[in-house]
Amino acid sequence: MTLQVNNLSKQIDKRQIISDITFNWAPGEIIGLVGRNGVGKTTLFRTMVNHYVADAGQVLVDDQPIQRTPTRQRDIFFLDTQYNFLSNYSLKELPDFYSVVYPNFDRQRYNELLRHFELNAGDQYRRLSKGMRAMVNIILALTSNATYLILDEPFDGLDVIVRENIATMVIDEVADQRKGFLISSHDLNELDGLSDRVLLLKDSQLAHDYNLEDIRATAKKIQLVLPDKTIPAVLKEHSHLIRVSGRVLVVVITNYTADIDQQLRALHPVLLEELPLTLEDLFRANLAHDTGYQLLK
Ligand SMILES: Nc1ncnc2c1ncn2[C@@H]1O[C@H](COP(=O)(O)OP(=O)(O)OP(=O)(O)O)[C@@H](O)[C@H]1O
């Protein structure tokens, strides 16, 4: 089973919001979708699930276009946090709606998860705190039993405990490779340790589709103190400077080879140690120049 987004485009008020977006998504994958505020992430989601009619392109689930096969829409879960109808209902009423759209909605698990996270089934959705709402949103996503789960900025404004709860639920859920997640964020740190693949949306287009495992296999982040103050040629040529503090340089070398390692050691560094690579380091090293990523923050 795969989901294919093929050449999807959408204009709003004669402005091109997304153009020619193409990617594949398989169960078992957690895909991050990053891009600056207003770049079109939510519009892409709404167009994918047919809340907005696409101007061009299509979304296929197992080769069937979802626009023309409404039953396929139940394979995709997307809760539009800006325009949702949940506000006036209590948590115990929500399954009544969701089980109409998602026939495999798991009421028992829904109730168990509410209890587990100490959410009161009698509470109205609109009276919940931001973090509680985020938990209900992820619980609905999981218990819908849709295969493809879209989460729009699920970590925005959440404290570290709620974030960890949600991240753990996502990771547990993909473990058996039966579900996939597409998670948007304007902050890369939120996706760190979660996404194995990151799509970058820029200027209405998909600027990059990165497989982080491949990048991590060849990239290294190094902390160095050199005896000499001048930056050696090997670093100028092969590294991206992440940070300088006093004599300490932190660099990312995206294609770290034995030859580069030898050249670095030949400089007799006072300190040379490897640091853990974050998603943000990889983006800064790979994308800083051509994507305006610095402006993401
Ligand atoms: N229904 C609409 N009517 C008019 N303009 C819209 C509509 N929906 C989206 N837009 C415009 O499309 C652009 C993309 O908005 P969208 O919400 O998709 O971005 P986003 O990447 O999700 O942003 P954020 O990270 O801030 O949530 C914005 O300029 C927005 O004003």
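What follows is a walk through this predicted model, from the whole chain down to a few single residues.

Two housekeeping points come before the tour. Residues are counted from 1 along each chain in the order its sequence is written. Since the model is predicted, local features are taken only at pLDDT of at least 70 and side-chain atom pairs only at pLDDT 80 or more, while totals for chains, interfaces and linings use all residues.

Let's begin with the whole chain. Its C-alpha atoms fill a box of roughly 70 × 45 × 35 Å along the principal axes. Of the 297 residues, 35% are buried. Buried here is a matter of counting C-beta atoms placed from the backbone: 20 or more others within 10 Å makes a residue buried, 12 or fewer makes it exposed, and anything in between is partly exposed. As for contacts, two residues make one if their C-beta atoms, again placed from the backbone, lie within 7 Å. Among the contacts with a separation of 6 or more, 72% link residues 24 or more positions apart.

The chain is assigned two domains, domain 1 (3-213) and domain 2 (215-296), with bounds that come from an automatic or database domain assignment. Their centres, taken over C-alpha atoms, are 35 Å apart. Where they meet, 14 residues of domain 1 are in contact with 13 residues of domain 2. On the domain 1 side, α6 (188-191), β9 (197-202), β10 (205-211) and α7 (212-218) supply at least two residues each. Strand β10 gives the largest share, four residues. That side of domain 1 divides into six nonpolar, four polar and four charged residues; Ala, Val, Leu, Ile, Met, Phe, Trp, Tyr, Cys and Pro count as nonpolar, Asp, Glu, Lys and Arg as charged, and the others, Gly among them, as polar.

Tyr-148 has Gly-180 in β8 as its bridge partner.

The other open sheet to look at has four strands in the order β2-β1-β4-β5, and its pairing is antiparallel. Here the edges belong to β2 and β5 (64-65), each with a single partner strand, so one side of each is left without a neighbour in the sheet. Strands β1 (residues 3-12) and β2 (residues 15-25) pair over seven bridges, with Lys-10 standing opposite Ile-18 in β2. Between these two strands the hairpin has two residues, and Asp-13 takes a positive phi near 50° there. On to β4 (residues 56-61), which is joined to β1 by five bridges; Ser-9 stands opposite Ala-56 in β4.

Ser-9 also turns up among the contacts of Ser-19: leaving aside neighbours within four places in sequence, Ser-19 touches Ser-9, Ser-204 and Gln-205. Ser-19 is in strand β2 and counts as partly exposed, with 18 C-beta neighbours inside 10 Å.

Most residues other than glycine have a negative phi. Asn-7, though, has a positive phi of about 50°. It is found in strand β1 and counts as exposed, with 12 C-beta neighbours inside 10 Å. Asn-145 also has a positive phi, of about 60°. This residue is in the loop between α4 (130-143) and β7, and it is partly exposed, with 19 other C-beta atoms within 10 Å.

Around it are Ile-12, Asp-13, Ile-17, Gly-35, Asn-37, Gly-38, Val-39, Gly-40, Lys-41, Thr-42, Thr-43 and His-186; a residue is near a molecule if its C-beta atom, placed from the backbone, lies within 6 Å of it. Helix α1 (residues 41-48) brings the largest share of this shell, three residues. By type, the shell divides into three nonpolar, seven polar and two charged residues.

Conventions. Pairing = 2+ DSSP bridges.
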